[in-house]
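Hi,

Here is the structure we talked about, with my notes below it.

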Amino acid sequence: MTPFRQIGHATFAVFRETGRFANFTARAAAACFAPPIYMSQIWRQCLQIGYFSLPVVGLTAVFIGAALALNIYVGGSRFNAESFVPNIVVLGITRELGPVLAGLMLAGRVSAGIAAEIGTMRVTEQIDAMTTLSTDPFRFLIAPRITAATLTLPLLVIVADIIGVMGGYLVATRSLDFNGATYLRNTVDFLEAADVNLGLIKAAVFGFIISVMGAFQGYHSRGGALGVGRATTNAVVGAAVLILAANYLITAVYVD
Amino acid sequence: MSTDTPKLQLIGLKKRLNNRQVLDGVDLDVAPGQSVVIIGGSGVGKSVTLKCALGLMKPDAGEVRVDGVHVERLKPRARAEQMRKFGMLFQGAALFDSLTIWENIAFRLLYADHTPRAEAKARAIEAMRKVRLAPEFADLRPVELSGGMQKRAGLARAIIAKPDILFFDEPTTGLDPITADAINDLIVDMVKDLGCSAVSITHDMASARKIADEIAMLYGGKIIWRGRPSEIDASGNAFVDQFVSGRAEGPIQAIV
């Protein structure tokens, strides 16, 4: 095959896959609002996606908040601006690092899990079985995961914001000689509702991306264990890239 | 509706997969109460035929008619209603790993018909008794059952809603001869008990002879022979003779 044909094939493949993903996303989103809505499945997924992700999100947030405080202190001391540590920590955590890192951690934990579970169901004909049992897999399997991820990721980000700020607080008060009460007052005074809102909007979008990407890759997996493994990898990589791209777009729109 | 109307009709089904013409005009009628077994070697398109009949795969050309109604032309809601006429036993049973045996069996009742759980469980246990699966297995997970028990559970799931047409995909594959014979007996009993039609695909001739009113052989994308089990040993068709005798030499090229 000539290089030109290879480029042509690759280009068509990108458009084909993008179209397939867009079509899947529209169908999955519609299924979230079309009855029957399986509340028990949504609740189960809220536990699976939200509650069981608390440890990983909390640990990530505390270490990032602590490292952020140290770095801002070092950078700020070059301009005699060490006192801005609490302000920049809370801004960085709520607007950017809380939602992005929670999103990336969940891309690994949740998107991969959804792709593996639905992919295994696909290759073992469980999805076909569901269809023959008069149950739409989009409503029963995919919609509850999307709803749960979109609802619980903002809640996880609120937790990540609080723990991240506390990570910065611990380092600042134990290692950097900040007064605890002053640190907290600066944090609260500086923080605006718009900062938190931006983080929550991002979190909801990232939750949607994570669940749709996992479901898409799992639903279209083929070829046994190899196919499920490939779907899992693609779900994590795809979700991570889309999260970072969406993060930039949302920030740009919000800043404007 | 005329009593002469076939329960299921496949008319000129064509399907191309991976640049290979898998089905090239499959025609098959199944009368009410009749059990038809489709035989053929590996990769000749038996599963594709079944998936097209069930609506799990869209044929490139041809029609699937159920009670004389062209299924492709139905609106989604009506198609879902048609699906209620079907029961399917998958090759690997395709039980849902996350649910207990009784929830698997009662899946259609619970999630499509919204039957109360207590009533659904009672009906699931009744179905388990019919397929000679002890009720004490009701609360176990599929992974805790043997292959033969999983097939019984799959059969119970297929018959619980009293379908008009039962489909069996390689019902005895992977089972020892005694368990396979027990599954064959169950299939015959269930089809008689429900008075439904049945379409099975298999390459197990012992199974085909036992459960079929008529056997059809699929080769080269078409049905090349159809007749009663008693006629198959004197079919006069070289392809059928080779398949029934299990010889490597003959017009059918073995795929090794």
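Contact here means heavy atoms within 4.5 Å. With that in mind, B:Asn184 touches B:Thr172, B:Ser207, B:Lys210 and B:Ile211, leaving aside residues up to four places away in sequence. B:Asn184 sits in helix 7 (residues 177–194) of chain B; helices (H or I, at least four residues) and strands (E, at least two) are DSSP runs, numbered from the N terminus. Its relative accessibility is 3%, so B:Asn184 counts as buried. For that label, buried means under 20% relative accessible area, exposed over 50%, and partly exposed in between (1.4 Å probe, protein chains only).

Some ground rules before the rest: this is a predicted model, where local features need pLDDT of at least 70, side-chain atom pairs count only at pLDDT 80 or more, and totals for chains, interfaces and linings use all residues. Residues are numbered from 1 along each chain as its sequence is written, chains are lettered from A and ligands numbered from 1 in the order in which they are written, and side-chain values use heavy atoms, with hydrogens and water left out.

**Chain A**

Chain A has nine helices and zero strands. Its C-alpha trace spans about 65 × 50 × 35 Å along the principal axes. Of the 256 residues in chain A, 48% are buried. Among contacts in chain A between residues at least 6 apart in sequence, 85% join residues at least 24 apart. The chain exposes about 12,400 Å², with carbon and sulfur atoms supplying 69% of that area; accessible areas come from the Shrake-Rupley method with a 1.4 Å probe, and for residues only the protein chains shown count as cover.

One buried residue in chain A is A:Asn87, at 12% relative accessibility. A:Asn87 belongs to helix 4 (residues 85–123) and touches A:Asn186 and A:Phe190, again not counting residues up to four places away in sequence.

**Where the chains meet**

How many residues does each chain bring to the contact? Chain A gives 17 and chain B gives 23. The size of an interface is often given as the accessible area lost when the parts come together. Here the area buried between chain A and chain B is about 1,700 Å², and carbon and sulfur atoms give 63% of it. Buried area is the accessible area (1.4 Å probe) that two parts lose on being put together, summed over both.

Two salt bridges are found across this interface, a salt bridge being a side-chain nitrogen of Lys or Arg within 4 Å of a carboxyl oxygen of Asp or Glu. In one of them, B:Lys51 pairs with A:Asp128, with the closest N and O atoms 3.6 Å apart. On the chain A side, the elements giving two or more residues to the contact with chain B are helix 2 (39–50) and helix 5 (126–132). Helix 5 gives the largest share of that side, six residues.

Over all chains, the structure holds 25 salt bridges. B:Lys51 lies in helix 1 (residues 46–54) of chain B and A:Asp128 in helix 5 of chain A, so this pair joins two chains. A:Asp128 is buried, at 9% relative accessible area, whereas B:Lys51 is partly exposed, at 23%. Both residues also belong to a network of salt bridges that links A:Arg122, A:Glu125, A:Asp128 and B:Lys51.

**Salt bridges within chain B**

B:Asp113 forms a salt bridge with B:Arg84, the closest N and O atoms being 2.3 Å apart. This pair links distant parts of the chain, 29 residues apart: B:Asp113 is in the loop between helix 4 (107–112) and helix 5 (117–130), and B:Arg84 in the loop between helix 2 (76–83) and strand 6.

**Backbone features**

Most residues other than glycine have a negative phi, and most peptide bonds are trans. B:Asn18, although not a glycine, has a positive phi of about 50°. B:Asn18 is exposed, at 78% relative accessible area. B:Ala94 also has a positive phi, about 55°, but B:Ala94 is buried, at 3% relative accessibility. In chain A, a cis peptide bond joins A:Pro35 and A:Pro36, with omega about 0°.

Best wishes
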